Amino acid sequence: MQSKPLVYLALAATVGLTSCSKMGSLSSENFAVAPSPLEAVDNQVPVVISGRFPEKYMKKNAVVKITPVLRFQGGKSTGAGDIFQGEKVQGNHQEISYLLGGNYNLRTTFPFRDEMLRSELYVTFDATVGKKKVNIPEVKVADGVLATSTLLCRTAASANAALGEDKFQYTIEQKQEAQIKYLIQQARIRTSELQSASVKDFVQTLRNIKADGKRLELENVEVSSYASPDGGEKLNTKLAQSRDDASGCYVKSQLKKINLEGEVNSRYTAQDWEGFQELVSQSNIQDKEVILRVLSMYQDPEQREQQIKNLSAGFRELADEVLPELRRSRLTINYLIVGRTDDEIQQQLQTDASKLSIEELLYAATLADDPAEKENIYTTADRLFPTDYRAVNNLGVLAYEKGNLTAAKDFFSKAAKKNEQAAEPKANLALLALTEGDSKTSEDYLGQAATARNYGEVLGNLALARGQYAQAARQLQGVNTNSAALAQILNKNYTEARTTLSRVAQPDATTAYLKAILAARTRQAADVVPNLEQAFKLDSTFKARAAKDLEFANYFNTADFQNITK
């Protein structure tokens, strides 16, 4: 009879120990998830799970590992977890009070996959109390991933790639200079000066202009005559004027001799202090710094001259090295090289393209409206000028605009190898990297492309990839592309996004899809389905995405939406 109470007591003790080892279930109310819904950024899904252990939940000898798991059709992705411990556990993990409970944050990131659009986020538990494993049921804490930012892989494909531009000019300004030097206090042009190389080249240029009046066009001839600063101002004025008359007469005689009409503009400088200062600063004369200081201290010509003459040794060096160079006339022919007209370039292209320069060939491509014709011209230019990167880069731009990104990448890579300093191929490769979801490679290329004309646009696309939506919207302000509209949508600039989408030059499937997203966000229900239908018509791959896209969550159960996404 006494043995029965002992058995009951033992059973009660066992039941008590078993209940003490259990920890019970947690619910979604014990968790908060940010952002909600989850959102893809730079092809990652970052998430912060804020949890709380209730009062009297965490046993003093318990250890609980919590792991986030994102589940989707056909797979799952496991995030980084964390471990928590009770008050009597000897360890280095966050301690949770049994009586008070405790809060914690789990931060993790999942690599984005398209299947995650329709997904469920769970927290799972691996728990022990003492040495005994206990079961804590997993808890679902979030549904789906908003992945609008990943549309960048599509929008970047229609961004503006950078052309290697021509430097063709119909007229190119040219100069040919000559110098005639005079002896001290003289204005007679010596025969030896007329035999100098610069004067001979001057005369030959005039003859060339006369001989080729179609391609070379004389604007005018400038004659500038000078006297050195030594000597009185009155003497120097007369001397400079006489030199101007002599050199001007020489130029006019040469024009008359070859029967070439042209304006001769003459001027003279009595005391060439500016030229004097320049020559002194470039010289190695003994009192160079003192002379320069005198020039800065005295503005009156006579004072300057007297102070410099007081430097007897320095003045002798000036008289020998500097002053003779200032007794001169400078003759300048200003003329134009006149290029081929548009018609002449196009005619030459048809007859013999090898007679065109690389600039003329690249310019000829800008005159063509047909992409196939442009391609032929760039191919010819690349064949005739294989060391110039621009033609092959521009072939890449044509491929990019046609949506042939593989060929575009090949062309851009060849262009970059031809000229490692060229900015345009690097900017274009940066754009291509964004279409592949590779923002790191894009950043590396863009760092070498600061002078490319589309640098700011690519930078805006890169900011968009990184989730810097406000910066992207600013950078793409005024750029009417799908990427600019995407940045504005993600930055909630819906009015601007609507304007941008209406101005896209060549709207495509992505344009229509973005219009559908904009309509859904701004509750323009009547515009959602028509824009989706247009997107599906142009690119059927959008249909599978739309069926799972949380942007259209409010339409999932409507008949019209279900009909178009079947």
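In what order do the three strands of the open sheet stand, and is their pairing parallel or antiparallel? Good morning, colleagues. I shall answer that question and then turn to a pair of helices. Please bear in mind that the model before you is predicted.

I begin with the sheet. The order is β1-β3-β8, and the strands pair in an antiparallel manner. At the edges we find β1, residues 31-34, and β8, residues 102-111. Each of these has a single partner strand, so one side of each is left without a neighbour in the sheet. On average, neighbouring strands here are turned by 20° against each other, if direction is ignored.

Let us look further at one pairing. To locate one of the residues involved, please find Ile 49, whose bridge partner in β8 is Leu 106.

I now come to the helices. Two packed helices are described by the angle between their axes and the distance between the axes. For α21, residues 509-521, and α23, residues 541-548, the angle is about 20° and the axes lie 11 Å apart. Angles under 35 degrees count as roughly parallel, and α21 and α23 are therefore roughly parallel to each other. Their crossing is right-handed.

Which residues make the contact? From α21 they are Ala 509, Thr 510 and Tyr 513, while α23 contributes Phe 542, Arg 545 and Ala 546. Sorted by class, the contact of α21 with α23 comprises four nonpolar residues, one polar residue and one charged residue.

Thank you for your attention.

Technical notes:
Residues numbered from 1 in each chain as written. Predicted model: local features only at pLDDT ≥ 70, side-chain atom pairs only at ≥ 80, totals over all residues. Heavy atoms only, no water. Pairing = 2+ DSSP bridges. Helix = DSSP H or I, 4+ residues; strand = E, 2+ residues; numbered from the N terminus. Axes fitted to C-alpha atoms, helices over the stretch in contact; angles between N-to-C directions. Parallel < 35°, antiparallel > 145°, perpendicular 65-115°, else oblique. Left-handed = near helix turned anticlockwise from the far one by under 90°. Contact = heavy atoms within 4.5 Å. Nonpolar A, V, L, I, M, F, W, Y, C, P; charged D, E, K, R; others polar.
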